[in-house]
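Here's a quick tour of a protein chain for you to follow along with. Take a look at the model below, then work through the notes topic by topic.

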Amino acid sequence: MTASTKGAQAVFRALSLLRHISHAHPQGIGIAELAVQAGLDRSTAYRLASSLVEFGLAERDATRQYRLGVEAMQLGLAAMRSAPVVERLRPIMRRLARRTEDTVFLVVRNGDYGHCLHSEEGAYPVKALVLQVGGMRVLGIGSAGSTLLSTLPDDEIAALYHRHQDEFDPRGLSLGDLRKLVQQTRRRGYADTADLVADGVSGVGMRFEFASGSQAALSVAAIRSRMTAERKAWIAQLIAEELQLGGVIPSFSRAG
């Protein structure tokens, strides 16, 4: 193996580690699990992870858990500002914000989490700013995360719940509650949630596919007093219509 080949292999392995660290962000991942997921021996994984820490792409805390570093987050934020999915969905989101007068969020799946790429605010004076651009929330919490969760097989949903039970418990969500929410979302073709992210806030979320099967969702959030059952159904129909006008196939159109 030549020096250039060895160098390319090291870069590939380091980037693979960084991807696995990103999937475990923000709760963190230990070096033993990281090595297994990346298919590396522990010493190699530790050496490469230490290099990522040195360059600020990863950080290691006092409990030896690895998370994304500041430099990785800055790269991600820079990419988000011009991500093709954001450019394509921005006019759709602006129309939805204008028509509903509420806040619209674009969320993509990143491992066990939903990652907010963009938001648009409507004209209604009381806003439900429940997620910041760049923020991440475990799937199943919030309307966007719930509709993304519904794409997973039932056994994977159970495994995700057990991995993140410490995030579900404070919200009073049992595995049974999560399964019921997923079943309702699959039946409707969109997620209808209330008080999951914050008391007094309701949302409607609808998923769609982009970039060869990658999963994303649009959601509309508002104070609960505005979100009657009839209005939520109307918002779901609006999201589906706007996505279709933009050449995107929403889950609602496949739900029947």
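Let's start with a charged pair: Glu-242 and Arg-99 form a salt bridge, and their closest N and O atoms sit 3.0 Å apart. Keep in mind that this is a predicted model. Glu-242 belongs to helix H10 (residues 229-245), while Arg-99 belongs to helix H5 (residues 84-100). That makes it a link between distant parts of the chain, with 143 residues separating the two partners.

**Salt bridges and secondary structure**

- How many salt bridges turn up in a search of the whole structure? The search gives eleven, and the pair of Glu-242 and Arg-99 is a salt bridge too.
- Helices H5 and H10, which hold that pair, belong to a chain with eleven helices and eight strands.

**Overall shape**

- Picture a box of roughly 65 × 35 × 35 Å, drawn along the principal axes: that's what the C-alpha atoms of the protein chain fill.
- The radius of gyration of the protein chain is 20 Å, which agrees with the value near 18 Å that a compact globule of 256 residues would have.

**Two domains**

- The protein chain splits into domain 1, covering 8-76, and domain 2, covering 82-246.
- Going by C-alpha atoms, the centres of domain 1 and domain 2 are 29 Å apart.

**Where the domains meet**

- On the domain 1 side, five residues make contact, and they touch six residues of domain 2.
- Together, domain 1 and domain 2 bury about 400 Å² between them, and 55% of that is on carbon and sulfur atoms.
- Sorted by class, the side of domain 1 that touches domain 2 has four polar residues, one nonpolar residue and no charged ones.
- The salt bridge count across the interface of domain 1 and domain 2 is zero.

Note on methods:
Residues numbered from 1 in each chain as written. Predicted model: local features only at pLDDT ≥ 70, side-chain atom pairs only at ≥ 80, totals over all residues. Heavy atoms only, no water. Domains from an automatic or database assignment. Contact = heavy atoms within 4.5 Å. Buried area = accessible area lost by both parts, 1.4 Å probe. Salt bridge = Lys/Arg side-chain N within 4 Å of Asp/Glu carboxyl O. Nonpolar A, V, L, I, M, F, W, Y, C, P; charged D, E, K, R; others polar. Helix = DSSP H or I, 4+ residues; strand = E, 2+ residues; numbered from the N terminus. Rg over C-alpha atoms; globule rule 2.2 N^0.38 Å.
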